[in-house]
Amino acid sequence: MLHQISIPRAIHVCWFSLCLSLIACISGTVKADDEFRFQNRVLCIDSPWAYDSQGKKVGKVFAHMLAQEGHTDELVGATSTAAKWVEVHDILVKSGFAVMEAANDLQFSHTKPLILSPAGLHLMLLETNHPLAAGSTIPATLKFAESETVEVDVRVIAQDEIPPAPDMACAPDTLNWLKSYFQVAYK
Ligand SMILES: [Cu+2]
């Protein structure tokens, strides 16, 4: 009796899933947003993350940003309820020393990602309300020239953990996207 009910239902569910997959293929939609990826009509923000701040009252947030096809955008600022204020910094080498400076010109397009990574650009969280602890998430609000303001969850990882790889759902060129990621993330 149970089988007579469950088998047709199973077929029904399979058929429905198949239809959804076909619609997704035909319309070119990407997979649904997960917790750590955001996209709208202008841009795609992939895998924001930060290292455990080890008790310090500062933190750095990293992420990958791409514009959707036919768009360009620019990161113009950020805030977080986890910190008193947030600056966008770059790491430059001056007289043999690596120094952090406020960064400008944070434009990105569909083929030119904006990559925030430990080797360079980052969101600098200053005077955090609490140390960033591995396994937790913190909120960040990103402001753009074109797109509306975007709120993302930033996942905090341990210092010896491998940074999350971008899921590349918005990347037009997977190989170059991966190449640029590994070049900067593991310097
Ligand atoms: Cu900094």
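User: What should I know before reading the model?
Analyst: It is a predicted model, in which local features need pLDDT of at least 70, side-chain atom pairs count only at pLDDT 80 or more, and totals for chains, interfaces and linings use all residues. Residues are numbered from 1 along each chain as its sequence is written.

User: How many helices and strands does the protein chain have?
Analyst: The protein chain has two helices and 11 strands. Helices (H or I, at least four residues) and strands (E, at least two) are DSSP runs, numbered from the N terminus. Along the sequence the order is α-β-β-β-β-β-β-β-β-β-β-β-α.

User: Turning to the core, which residues touch the most other members?
Analyst: In the largest nonpolar core, which has 33 residues, these are Ile45, Ala50, Val61, Leu66, Ala140 and Val154. The largest share of this core, six residues, comes from E3. A nonpolar core is a set of buried Ala, Val, Leu, Ile, Met, Phe, Trp, Tyr and Cys residues joined through C-beta atoms within 7 Å. A residue is buried if 20 or more other C-beta atoms lie within 10 Å of its own, exposed if 12 or fewer, and partly exposed in between, with C-beta atoms placed from the backbone.

User: And glutamate 74, where is it found?
Analyst: Glutamate 74 is found in strand E4 (residues 72–79). Glutamate 74 counts as partly exposed because 17 other C-beta atoms lie within 10 Å.

User: What is glutamate 74 in contact with, leaving aside its neighbours within four places in sequence?
Analyst: Its contacts are Leu106, Gln107, Phe144 and Ala145. Two residues are in contact if their C-beta atoms, placed from the backbone, lie within 7 Å. Glutamate 74 and phenylalanine 108 are 34 residues apart in sequence, yet 6.0 Å apart in space, C-alpha to C-alpha.

User: Which strands does E4 pair with?
Analyst: E4 pairs with strand E7 (residues 107–109) in the antiparallel sense over three bridges, and four bridges join E4 to E10, also antiparallel. Two strands pair if DSSP finds at least two bridges between them. Aspartate 73 has phenylalanine 108 in E7 as its bridge partner, while leucine 75 has phenylalanine 144 in E10.
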